[in-house]
Amino acid sequence: MQLRFHNSLTRRAEDFRPIDPAHIRMYVCGPTVYDLAHLGNARPVVVFDVLARLLRRVFPHVTYARNITDVDDKINARARESGEPIGAITARTTADFHADMRALNALDPDVEPTATGHIPEMIALCEKLIARGHAYAAEGHVLFSVGSFPEYGKLSGRSPEDLLAGARIDVAPYKRDAGDFVLWKPSDTETPGWDSPWGRGRPGWHIECSAMSWKHLGEVFDIHGGGHDLIFPHHENEVAQSVCAHGTQTMARYWLHNGMLLVDGEKMSKSLGNFLTVRDILARGPWAGEAFRYLLLRTHYRSSLDYSAAALDECKAELDDFYAMLARPAPEARTPRAMVDWVLEPLGDDLNTPLALARLRDLRTLENIANVGGSPAAVHARTPEAWHPVPGEARAAVLEAAQVLGLLWQDPAAWRQGGGDADVDAAIAARLAARAAKNWAEADRIRDALKAQDIILEDGPQGTTWRRA
Ligand SMILES: [Zn+2]
């Protein structure tokens with residue numbers, strides 16, 4: 001399968017040509033751990049999780065590195081406000097981040113370096129940059145000299161005038177040029193710091209990613225990903241640091257950036273009252289993590305995506321239909337290769353997840369037709385072959401293709417019940433006892449009480465089951 005991606009560096013779609021097809025290396029900027037992950041934080045995690053799964057399917061060995069930024073002035077500020085020790089804030093927030101991303105079925109990256117675990121590499125990069133004339137020390141700071149790197153601005157497409165306009169607010173007496181940015185800065189006794197040739201200090205944010213990607217993926221690697229909002233200055237500065245320190249042509253060959261996430265059509269902000277954490281979504285029910293993942297994937301990763309509660313409900317309804325198909329008993333069937341490839345093919349074209357999901361839905365329709373009848377004409381109009389699968393075949397293809405999208409991983413029966421619920425089981429047992437005692441009024445009261453919680457009881461020959469409305 002030939003992969004093709006839109007490369008932010010060249011602003012066009014390019015065939016993916018790995019540096020070493022035997023070992024693909026990808027770096028994605030991870031969270032700064034001072035607060036719960038919000039919806040926007042989840043988007044790159046899920047997008048690049050799908051890309052990692054796709055790369056693993058196509059290539060024999062993939063190293064996916066995503067960092068944890070655990071030294072940052074936002075963390076220091078949070079510790080000062082709350083009085084909680086920095087180590088406690090970063091440990092708890094990292095654990096919360098892991099739990100939330102696993103609830104979205106994002107696989108852990110192969111390596112997850114922490115910034116505090118790579119201070120010697122950051123100091124080494126600063127020293128290399130000074131030795132090569134790309135950085136200078138001043139008043140306990142180390143600064144990157146933007147004027148020393150003619151290609152500065154290439155990734156973001158910003159002109160030197162734009163860059164200066166943006167940098168004007170950052171004028172400081174120790175800078176030779178207003179556009180120069182901080183690689184290392186001094187720490188007072190209240191602030192975390194490490195001994196360095198320039199005194200006790202701490203790294204700037206940008207040097208962290210250059211150091212961690214260098215350590216785990218090498219001087220030049222295949223793919224660098226992140227949110228579109230990171231292109232400038234973060235990624236522009238990463239490129240400048242890495243290329244100038246190592247004397248290479250480039251840092252990463254392909255730069256992929258996801259678009260922003262809006263809530264109800266507006267940029268998410270605490271002041272607008274539309275700020276949502278991943279936890280807020282997960283609290284809506286055991287279905288919500290997968291429905292949110294589906295929502296993230298039904299929009300192309302480079303487009304902006306509008307979250308709303310109604311959109312999340314639409315995605316739940318789509319998944320309800322998939323799980324209803326999967327819950328139906330099906331004969332063991334071989335997995336038709338061509339059907340799996342047909343669903344996954346759009347992923348190779350700049351990660352076109354909306355088209356892959358549309359094809360997955362078509363296979364769901366084919367499976368339903370194979371079981372309960374109907375005309376496949378509408379699906380046939382979209383498929384390369386007039387498929388007439390026997391029961392179980394399209395189902396098997398759905399399950400295999402869904403693994404690359406990271407969807408449909410739950411037990412169909414548990415999905416239909418919205419996850420196990422001890423309170424509901426206890427209420428059903430009490431209702432059965434009331435019926436056995438011919439206390440119909442009490443049995444009806446329990447059923448109505450459950451209905452008020454959107455839980456529908458279904459009495460059948462095998463006993464009483466329930467589902468969420
Ligand atoms: Zn980064």
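Visitor: At what angle do the axes of helix α9 and helix α10 cross?

Guide: The axes of α9 (residues 288-297) and α10 (residues 309-327) cross at roughly 105° and come within 8 Å. The model is predicted: local features need pLDDT of at least 70, side-chain atom pairs count only at pLDDT 80 or more, and totals for chains, interfaces and linings use all residues. Residues are numbered from 1 along each chain as its sequence is written, and side-chain values use heavy atoms, with hydrogens and water left out.

Visitor: What makes α9 and α10 roughly perpendicular?

Guide: Angles of 65 to 115 degrees count as roughly perpendicular, under 35 as roughly parallel, over 145 as roughly antiparallel and the rest as oblique. The axes are lines fitted to C-alpha atoms, for helices over the stretch in contact, and angles run from 0 to 180 degrees between N-to-C directions. The crossing is at roughly 105°, and α9 and α10 are therefore called roughly perpendicular.

Visitor: Which residues of α9 make the contact with α10?

Guide: Ala288, Glu290, Ala291, Phe292, Tyr294 and Leu295 of α9 make it, and among their counterparts in α10 are Leu312, Lys316 and Phe322. Contact means heavy atoms within 4.5 Å.

Visitor: How many bridges join β5 and β6?

Guide: β5 and β6 (residues 141-144) pair over four bridges. Two strands pair if DSSP finds at least two bridges between them, and Val142 in β6 is the bridge partner of Ala137. Strands (E, at least two residues) and helices (H or I, at least four) are DSSP runs, numbered from the N terminus.

Visitor: Why is Thr277 called buried?

Guide: Buried means under 20% relative accessible area, exposed over 50%, and partly exposed in between (1.4 Å probe, protein chains only). Thr277 has 12%, so Thr277 is buried. Thr277 lies in the loop between β12 (266-267) and α8 (278-282). Leaving aside neighbours within four places in sequence, Thr277 is in contact with Leu36, Ala37, His38 and Leu39.
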